[in-house]
Amino acid sequence: MPPRLEVLQRLGTFNLCLRPTTRAATPNFLPVIQTANLSQREKKRKAKQDPYKWAQAQQRKNANLKRREELQKQRDEAWGNPVLGKTTPFLESLDTAGQVAFSEVPRDASGNPLQTPHELPTTPGLRNHFLTDAELEEATKHAFTLSKPMAAIVGDQLSDAASNEANIEKHKQDHAKAVEALRRITSLRNGSAKDRFHANVRRLVDEFGRHKTDKFLKPKPQSISPNTTPMPDRAGPDTGSSEVQIAILTAKIRTLSKALEINRGYKDVHNKRNLRLLVHRRQKLVAYMERKERGSERWTHMIEKLGLTPATWKGQISL
């Protein structure tokens, strides 16, 4: 039977390098102390042996977790909703076309308000069918003059003054009824959602149109290049600026998103697609506006009024 030879268990433990070392190994006079790696369970068991240290560690951990939750909540609020953004009083006034001075608040079963209503910006004098109070007043005065009964000029009718006064009094009463009927017909409170949207478009053009904002908002400084051509003065209301189009799209998005929240809107695939198109169209316009007007008073005025947050134009929006 051949003799057994001792073989190394691992070839990696055998060094085949036969070159001499560059320097002699210095003797290590310190004792070699080996410490075993403790598992997490063992560390927790040892930490629990001192109740005071364990309580301090738990207190620091809870404070850290609470602070992380607060920071995450602040980031989420700053990021906002990609569809509705942040609710502002101006956006709330779009629901009534600026005809209500205070916001609607939830009420209990007895009808008592659960919150304190806050003021909303209003647009007095705005009426349906593209009319205003001044135009309606002028038209009714003209109609009163045209329909007023004429005084009798024939000799035999001069003595009938009592009948003339009765006709004039009846004409005044009929005119008052007609004016009241016209006021009810042209009132935005009795109009449809489409009528309120048309009124809101007029409000948005007056609020964000550069034919008015240029008077009190400073534009972004122009380039100092000698090749720049000065812009001509605007003629008429401004309906094509980026901020006006963004405001109109925001009003459409707010109306459509509210309609999808009720009446089984989760099945309305057609309007969901329309909402997605409006949101992405607004995202492109706001991104363009940010490149052109960021830091100017126009940009700040638009962001504060419409409640736009970074989620409405940054990143990918998925609905």
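Leaving aside neighbours within four places in sequence, Ser 242 is in contact with Tyr 288 and Met 289. Ser 242 sits in helix H8, which covers residues 242–261. Its relative accessibility is 14%. The cut-off for buried is under 20%, so Ser 242 counts as buried. All of this is read from a predicted model.

Stay in helix H8 and turn to Glu 243. The side chains of Arg 210 and Glu 243 meet in a salt bridge, at 2.7 Å from N to O. Arg 210 lies in helix H7 (residues 210–213) and Glu 243 in helix H8, so this pair ties together parts that are 33 residues apart in sequence. Arg 210 is buried, with a relative accessible area of 14%. Glu 243 is buried too, with a relative accessible area of 4%.

Next comes a salt bridge between Arg 298 and Asp 214, at 2.8 Å from N to O. Arg 298 belongs to helix H10, while Asp 214 is in the loop between H7 and H8, so the pair links parts that are 84 residues apart in sequence. Arg 298 counts as buried, at 10% relative accessibility. Asp 214 is partly exposed, with a relative accessible area of 39%.

Asp 133 is partly exposed, at a relative accessible area of 33%. Arg 127 counts as buried, at 12% relative accessibility. Elsewhere, Asp 95, Arg 254 and Lys 258 are linked in a network of salt bridges.

Now the rings. The structure holds 2 aromatic pairs. Phe 90 and Phe 208 form an edge-to-face pair, 5.9 Å centre to centre, with 85° between the planes. Phe 90 lies in helix H3 (residues 89–93) and Phe 208 in helix H6 (residues 193–208), so the pair ties together parts that are 118 residues apart in sequence. Phe 90 is buried, and Phe 208 is buried as well.

Trp 299 and Trp 313 also form an edge-to-face pair, 5.4 Å centre to centre, with 85° between the planes. Trp 299 lies in helix H10 (residues 297–306) and Trp 313 in the segment after H10, so this pair bridges parts that are 14 residues apart in sequence. Both Trp 299 and Trp 313 are buried.

Conventions. Residues are numbered from 1 along each chain as its sequence is written. This is a predicted model: local features need pLDDT of at least 70, side-chain atom pairs count only at pLDDT 80 or more; totals for chains, interfaces and linings use all residues. Side-chain values use heavy atoms; hydrogens and water are left out. Helices (H or I, at least four residues) and strands (E, at least two) are DSSP runs, numbered from the N terminus. Buried means under 20% relative accessible area, exposed over 50%, partly exposed in between (1.4 Å probe, protein chains only). Contact means heavy atoms within 4.5 Å. Rings of Phe, Tyr and Trp (its six-membered ring) pair if their centres lie within 6.5 Å; planes under 30 degrees apart count as stacked, over 60 as edge-to-face and the rest as tilted. A salt bridge is a side-chain nitrogen of Lys or Arg within 4 Å of a carboxyl oxygen of Asp or Glu.
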